[in-house]
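Please keep the sequence and the model side by side while reading.

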Amino acid sequence: EAAAREENVQIAESSERPTSPAGRRYIEHDVDIKIREVDLQSLTKFLRRLEMAPRLVYFTRLSIKKRFSDEKLDVEATATAFERIHEDKTKKKPGADDSGKKE
């Protein structure tokens, strides 16, 4: 939403799908978005800003329809991001408590 505000793109609807596991260490987040009445240049800048963000986000589905009345576009897209699961690393190997420490 912050990227949309910076590029003057208004997201008409957004719905988040339930998270799903992607392997053992990652969770997949999918968000469906609908953008109405956007020009091609603003849409391109918005998509580029999302894909170049520090967090890995990419588009798995993109549907673009041109309006008959003007040069504006209606867009439906699915953005996908992955999040790493943080495991508890409090388990220690036996004998690793004081190995290597000398007084």
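In which strand is the place of Asp-30? In this predicted model, Asp-30 belongs to strand S3, which covers residues 26–38.

**The chain as a whole**

- The chain is built with 2 helices and 5 strands, and these follow one another along the sequence in the pattern α-β-β-β-α-β-β.
- The chain has 103 residues, of which 25% count as buried.

- The side chain of Asp-30 is joined to the side chain of Thr-80 by a polar contact of 2.8 Å.
- When neighbours within four places in sequence are left aside, Asp-30 is in contact with Ser-15, Glu-16 and Arg-17, and also with Thr-78, Ala-79 and Thr-80.

**The largest pocket**

- The volume of the largest pocket is about 460 Å³, and its lining is made up of 17 residues.
- Glu-1, Val-31, Leu-50, Val-57 and Ala-79 are the lining residues that lie nearest the centre of this pocket.
- Two or more lining residues come from each of helix H1 (2–6), strand S1 (11–16), strand S3, helix H2 (40–51) and strand S5 (73–84).
- Sorted by class, the lining of the largest pocket comprises 11 nonpolar, 3 polar and 3 charged residues.
- Ala-79, listed among the residues nearest the pocket centre, is also one of the residues in contact with Asp-30.

**The aromatic pair**

- The structure holds 1 aromatic pair, and this pair is formed by Tyr-58 and Phe-82, which are stacked at 6.0 Å centre to centre with 25° between the planes.
- Because Tyr-58 lies in strand S4 (residues 57–66) and Phe-82 lies in strand S5, the pair ties together parts that are 24 residues apart in sequence.
- Tyr-58 is partly exposed, with a relative accessible area of 32%, and Phe-82 likewise counts as partly exposed, at 25% relative accessibility.

**Ile-85, after strand S5**

- Ile-85 is located in the segment after S5, where this residue is partly exposed with a relative accessible area of 33%.
- Although Ile-85 and Pro-21 are 64 residues apart along the chain, their C-alpha atoms are separated by 9.6 Å.
- Apart from residues up to four places away in sequence, Ile-85 touches Arg-24, Arg-25, Tyr-26 and Ile-27.

**Ser-42 in helix H2**

- Ser-42 has its place in helix H2, one of the elements that give two or more residues to the lining of the largest pocket.
- Is Ser-42 buried or exposed? At 17% relative accessibility, Ser-42 counts as buried, because burial is set at under 20%.
- Glu-7 and Val-9 are the residues that Ser-42 touches when those up to four places away in sequence are not counted.

Technical notes: Residues are numbered from 1 along each chain as its sequence is written. This is a predicted model: local features need pLDDT of at least 70, side-chain atom pairs count only at pLDDT 80 or more; totals for chains, interfaces and linings use all residues. Side-chain values use heavy atoms; hydrogens and water are left out. Helices (H or I, at least four residues) and strands (E, at least two) are DSSP runs, numbered from the N terminus. A polar contact is a pair of N or O atoms within 3.5 Å; within protein, one must be able to donate a hydrogen and the other to accept it, and residues adjacent in sequence count only if both atoms are side-chain atoms. Contact means heavy atoms within 4.5 Å. On a 1 Å grid over the protein atoms alone, a cavity is a set of points where a 1.4 Å probe fits but cannot get out, and a pocket is an open set with protein on both sides within 12 Å along at least five of seven lines; lining residues have an atom within 4 Å of a point. Grid points are joined across faces, edges and corners, and a volume is the space filled by probe spheres set on the points. Ala, Val, Leu, Ile, Met, Phe, Trp, Tyr, Cys and Pro count as nonpolar, Asp, Glu, Lys and Arg as charged, and the others, Gly among them, as polar. Rings of Phe, Tyr and Trp (its six-membered ring) pair if their centres lie within 6.5 Å; planes under 30 degrees apart count as stacked, over 60 as edge-to-face and the rest as tilted. Buried means under 20% relative accessible area, exposed over 50%, partly exposed in between (1.4 Å probe, protein chains only).
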